[in-house]
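The following dialogue is a tutorial on reading a structural model.

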Amino acid sequence: MSTWAGKWALVTGASAGIGKALAAELAAGGANLILTARRTDRLQDLARTLSATHQIRAEIFAADLAQPGAPEQIFDFTRRQALQIDLLINNAGFGAYGPFASVDQRRLLDMVQVNCTAVIHLTHLFLPAMIQRRDGYILIVASTASFQAVPYISTYAATKGFDLLFAEGLAEEVKPYGVRVCALCPGSTESEFRDVANQSRAPAANRQQETADKVARVGLRALAAGKSYVISGTRNYLGAQVQRLVPRRLVTSIAAKLDKLPYEAIGTDLTTALATLAQTLKSAEKMVNRLDTEITPGLKTTLDGLHGTLATADGMLKNTNATLVGTDAPAQQELRNALQEITRAARSLRLLTDFLERHPESLLRGKSKEKP
Ligand SMILES: NC(=O)c1ccc[n+]([C@@H]2O[C@H](COP(=O)([O-])OP(=O)(O)OC[C@H]3O[C@@H](n4cnc5c(N)ncnc54)[C@H](OP(=O)(O)O)[C@@H]3O)[C@@H](O)[C@H]2O)c1
């Protein structure tokens, strides 16, 4: 029998995307549902479909989680209906893409309210009864954006970092009481998220996405298994792990450079980021090759900076084998290729810069040739 059969689950953000998929997966496992979001028509449709298909009960309650009183209203609704909530799914959330100073202030504050404050508030309302019963499940939808800063969607990444840390801390705290808490960290996923975040035309929108159904299955499996967090998808897992080997500032700057505004991308696509870096280094190499005719005063500084980057790439390559044990072979190969490309570029650049440092006269000769 499914872990969820006969239990009552409250799902926030059930009108679309991952929340809708979580509701469907729970219903298929025999759970009864309370579905909440702002769009009542969608909630009604979903409740009707799921209860008819899976012979479960499904109630709806419309609420705007940007309003500070909404969690209390949802909690009161469950009390009035005398429903015991066994599973709380904190899924509702949104992002807003663009340079921080130009994003509407109200939207940013609402985002913190929905993505963080409402999560704390709902959890604080429903957890005590779970502790008392020595039984309960809480899923908090975080993101691969939880693992690093992401320029141009910085507030969103910060809210998701908050969600992950909150879930992990609480998981440990309430384990002795038989309550399981898990942060589900999806990478780029098919949903309405990008349209809402005004990100549809950003380069990140073209990246490979997982389906919401798959993400929902991964999250519920991890929750049932007692994991404190789960990253959906091997590539996403790799992205989150590999960047731990790289200085934080470099990760953030790659995130910013990666086609300028990529939000979840650094988690999803570190390999792409590394390949981009390798391209940059190749161009630098070409530039150094032409040095006998083109020399600029900032060159030495640039080359010193490259030395630092390249040392990092070398370190990453050394650590790769250990990090990738247990992940699938094509992903391993892809990452190794990207790192090897960077390291190759690194070595040739280092040889060239060493030579130039020892023989600066070669640069001067070139320059005098250029300007007789
Ligand atoms: N899609 C991705 O690539 C991705 C990746 C990582 C993490 N996530 C996270 O996954 C979660 C679900 O997002 P999604 O991708 O499924 O996006 P989505 O398709 O846009 O769905 C978002 C859900 O949140 C609800 N919601 C938004 N603002 C709300 C508010 N003020 N009050 C109540 N409900 C509100 C929406 O319902 P109404 O509009 O009807 O209120 C909708 O049901 C979010 O926490 C998101 O941060 C998404």
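This is a predicted model: local features need pLDDT of at least 70, side-chain atom pairs count only at pLDDT 80 or more; totals for chains, interfaces and linings use all residues.

Q: Which percentage of the 372 residues is buried, and which share of the contacts joins residues 24 or more positions apart?

A: Burial is read from the number of C-beta atoms within 10 Å of a residue's own, and 20 or more count as buried. In the protein chain, 43% of the 372 residues are buried. Of the contacts with a separation of 6 or more, 73% are between residues 24 or more positions apart.

Q: How many residues surround the ligand, and which are the closest?

A: The ligand is surrounded by 28 residues, with G13, G17, R38, G93 and S191 the closest. Divided by class, this shell has 13 nonpolar, 10 polar and five charged residues.

Q: Which helices each supply at least two residues of the shell around the ligand, and which gives the most?

A: Helix α1 (17-28) and helix α6 (193-196) each supply at least two. Helix α1 gives the most, namely three residues.

Q: How is the packing of α1 and α2 described?

A: A helix pair is read from its axes, its handedness and its contacts. The axes of α1 and α2 (residues 40-54) come within 9 Å and cross at roughly 20°. Because angles under 35 degrees count as roughly parallel, α1 is roughly parallel to α2. The crossing of α1 and α2 is right-handed. On the α1 side the contact involves K20, A23, A24, A27 and A28, which meet L46, L50 and H54 in α2. This contact of α1 with α2 has six nonpolar, one polar and one charged residues.

Q: At what angle do α3 and α4 pack, and which residues meet?

A: Helices α3 and α4 pack at an angle of about 30°, and their axes are 9 Å apart. That angle makes α3 roughly parallel to α4. Their crossing is right-handed. From α3, A70, P71, I74 and F75 meet A118, H121, L122, L125 and F126 in α4. The contact of α3 with α4 divides into eight nonpolar, one polar and no charged residues.

Q: At what angle do α4 and α5 pack, and how far apart are their axes?

A: Helix α4 (residues 105-133) and helix α5 (residues 154-174) pack at about 10°, with axes 9 Å apart. That makes α4 roughly parallel to α5, and the crossing of α4 and α5 is right-handed. The α4 residues in the contact are L108, M111, V112, N115, C116, V119, I120 and I131, and those of α5 are T155, Y156, T159, F162, D163, F166 and V174. By class, the contact of α4 with α5 has 11 nonpolar, three polar and one charged residues.

Q: Is L10 buried or exposed, and which residues does L10 touch?

A: The neighbour count is applied here to a single residue. L10 lies in strand β1 (residues 8-12). L10 is buried because 24 other C-beta atoms lie within 10 Å. Not counting residues up to four places away in sequence, L10 touches I34, T78, I85, L88 and I89. The C-alpha atoms of L10 and I60 are separated by 9.5 Å, and these residues are 50 residues apart along the chain.

Q: Where is L223, and is L223 buried or exposed?

A: L223 is placed in helix α7 (residues 212-225). L223 counts as buried, with 24 C-beta neighbours inside 10 Å. Beyond residues up to four places away in sequence, L223 touches Y137, L139, R180 and C182. L223 and A183 are 40 residues apart along the chain, and their C-alpha atoms are separated by 8.3 Å.

Q: Which values of phi do A82 and Y152 have?

A: Most residues other than glycine have a negative phi. Phi of A82 is positive, near 55°. Y152 is not a glycine either, and has a positive phi of about 75°.

Q: Where are A82 and Y152 found, and is each buried or exposed?

A: A82 is in the loop between α3 (70-80) and β4 (87-90). A82 is exposed, with 6 other C-beta atoms within 10 Å. Y152 is in the loop between β5 (136-141) and α5. With 21 C-beta neighbours inside 10 Å, Y152 counts as buried.

Key: Residues are numbered from 1 along each chain as its sequence is written. A residue is near a molecule or strand if its C-beta atom, placed from the backbone, lies within 6 Å of it. Helices (H or I, at least four residues) and strands (E, at least two) are DSSP runs, numbered from the N terminus. Ala, Val, Leu, Ile, Met, Phe, Trp, Tyr, Cys and Pro count as nonpolar, Asp, Glu, Lys and Arg as charged, and the others, Gly among them, as polar. Axes are lines fitted to C-alpha atoms, for helices over the stretch in contact, and angles run from 0 to 180 degrees between N-to-C directions. Angles under 35 degrees count as roughly parallel, over 145 as roughly antiparallel, 65 to 115 as roughly perpendicular and the rest as oblique. A crossing is left-handed if the near helix is turned anticlockwise from the far one by less than a right angle, and right-handed if clockwise. Two residues are in contact if their C-beta atoms, placed from the backbone, lie within 7 Å. A residue is buried if 20 or more other C-beta atoms lie within 10 Å of its own, exposed if 12 or fewer, and partly exposed in between; C-beta atoms are placed from the backbone.
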